[in-house]
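Please open the model in your viewer and keep the selection tool at hand.

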Amino acid sequence: MKWYIGLAAFAFAVLACAAVWFGGLNQDEGWYLYAANLVGEGYLPYRDFFYTQGPVMPIVYSVFSSIWRNWGLLGARIFTLALGAIGILFASATAGRLAAHGKRALAATVVALLLGGNLYHLYYMAIPKTYALAGLFVAVGFYLLTFGGRWCLAGAGLCFAFAAGTRFSLGALCVVAFVWLAARGGRRGWLYFCLGAAAGCALVFGPVLLDAPARAGFFAALDYHASREGFDAMVAAGSVSRLVRWYAPVFVMLGLGLGCGRMQRGAGLALACFAAVFAVQMAAPFPYEDYQVPVMGLAAIAAAVAASEIEVVKCRLAPALIALGLAWAGSFGSPLLESWTTNGHDRFWTLKRQNSEIQQLREVAKDIESLDPGGKSLLTQDLYLAIETNRRVPIQLAMGPFSYWGDKLPYEGAERVLLDDAGMEALLESAPCEIAALSGYTFAITAPKGSETPMERQIWFWTLLKRRYNKVFTEDDFGQHATPLLVLKRKNGQDVR
């Protein structure tokens, strides 16, 4: 093993452990894992609980739900990182296939360094959102695409359909790949790709579209994405700026490769696929930079294949060494490490965290269990608490902070899975759970626009809650963005089923 590969493997291990254990909590982690639990119990997305992405992730994750039922969020992160790592390996293998003869090992190594040595990428490959699974489908699909045989093309179409069934915006990959295959002509590769994609879409979306209530919920989920306020150039510019910062090594290598090397045809397709998904996701009203994580492997493939053509006198391994240096500089100098270990500053003093956020979550879960030994339910919109305590929440809270839709629900019958004003009031007055755990996100967000709930409504909801519950303790600086967490217990005399 070459020395720099050993260093890269060591760096990956260090950064992966940091991402899993120290990585900040994200509200979506609990939401996605809870959806997987519900699917494992026989519930159908959109019909029995509201869900705003494609149904593939909860279906796949439901098979492995025993991991977080036994090991909590930590187990879910390790499992998710394993999926992300497999995706990185496929991306590396794809770069090796696309590079020129004699440069294949170098191109594969550069991809592994650019992705496996990037703390930001590993963090979003570790937290159980859609990114690791979607990125795996993208990487496997593109790998199959490079072979060109009819069954490989059908498999690529199937993988891209599954990717779109994990995150809707990845459907753009199907369009670009189809156009590329159709433009090549020849052996009708586009037809086999389309057959695979059609089969994948039928498997993913067929059960939903054939069920009337689920179909209504599915189209409401699409409306959820479309109903937020329109494109904002300033927000988009900020998102691009942050993406370039987090993935500076990829973009530097891509620039060097395009400027000094040659772009192989397959690498050009990878770049075109990345650009298409990037454009679709940037058109969103709030184009968070982490939306691009599942397709950053494609950008890394294009960068590595192009950079492998750079000729540097007496240093054939220069692209790999440059990638290694850039990845280490970006990761070990990342502001993420500071944010995960501190709570900012108080004048002269740095406010050091006593525990990592996931460790703090585990401690709070133990406290909740001591208050309600053997309990099965929890009133919370912080669903990573429901996952960590292995408890149920009212079905209308399955979307976590995005469960409250104000006074207008999106379709007839939605009150079964979503809360309007009357539904939220009824839920709080019924005091359905012995314990309530409520952070700063509680009652604060009104879906689908993601606007702040009017303060008078928030106060009214808290007033209803106070009638039924007594505060037990407060956990400061808890969870995503460190808000106070109030843990309450139902007042004596309540017996609501």
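Begin inside the protein, where the search finds 2 cavities of 30 Å³ or more; here a cavity is a set of points, on a 1 Å grid over the protein atoms alone, where a 1.4 Å probe fits but cannot get out, and a volume is the space filled by probe spheres set on the points, with grid points joined across faces, edges and corners. This is a predicted model, in which local features need pLDDT of at least 70 and side-chain atom pairs count only at pLDDT 80 or more, while totals for chains, interfaces and linings use all residues. Residues are numbered from 1 along each chain as its sequence is written, and side-chain values use heavy atoms, with hydrogens and water left out.

**The largest cavity**

Select Gly-87, Gly-135, Ala-139, Pro-294 and Gly-297, which lie nearest the centre of the largest cavity among its 17 lining residues, where lining means having an atom within 4 Å of a point. Helices H4 (66-98), H6 (119-126), H7 (131-145) and H15 (296-307) each give two or more residues to this lining, with helices being DSSP runs (H or I, at least four residues) numbered from the N terminus. The space amounts to about 120 Å³, and H7 gives the most to its lining, with 5 residues. By class, the lining holds 12 nonpolar, 5 polar and no charged residues; Ala, Val, Leu, Ile, Met, Phe, Trp, Tyr, Cys and Pro count as nonpolar, Asp, Glu, Lys and Arg as charged, and the others, Gly among them, as polar.

While H6 is in view, pick out His-121, which lies in that helix. Is His-121 buried or exposed? His-121 counts as buried because its relative accessibility is 3%, buried being under 20% relative accessible area, exposed over 50%, and partly exposed in between (1.4 Å probe, protein chains only).

**A stop at the surface**

Now select Val-175, Phe-178, Val-179, Trp-190, Leu-191 and Leu-195, which form a nonpolar patch with about 510 Å² of accessible area together. Helix H9 (172-184) and helix H10 (189-209) each give two or more residues to the patch. Such patches are made of residues with over 30% relative accessible area and no salt bridge, nonpolar side chains (Val, Leu, Ile, Met, Phe, Trp, Tyr) being joined within 5 Å and like charges within 9 Å; a salt bridge is a side-chain nitrogen of Lys or Arg within 4 Å of a carboxyl oxygen of Asp or Glu, and areas come from the Shrake-Rupley method with a 1.4 Å probe, with only the protein chains shown counting as cover for residues. Trp-190, found in H10, counts as partly exposed because its relative accessibility is 32%.

**The largest pocket**

Finish with Asn-26, Asp-28, Lys-129, Tyr-288 and Asp-290, which lie nearest the centre of the largest pocket among its 45 lining residues; a pocket is an open set of points with protein on both sides within 12 Å along at least five of seven lines. Its volume is about 1,400 Å³, and its lining has 25 nonpolar, 12 polar and 8 charged residues.
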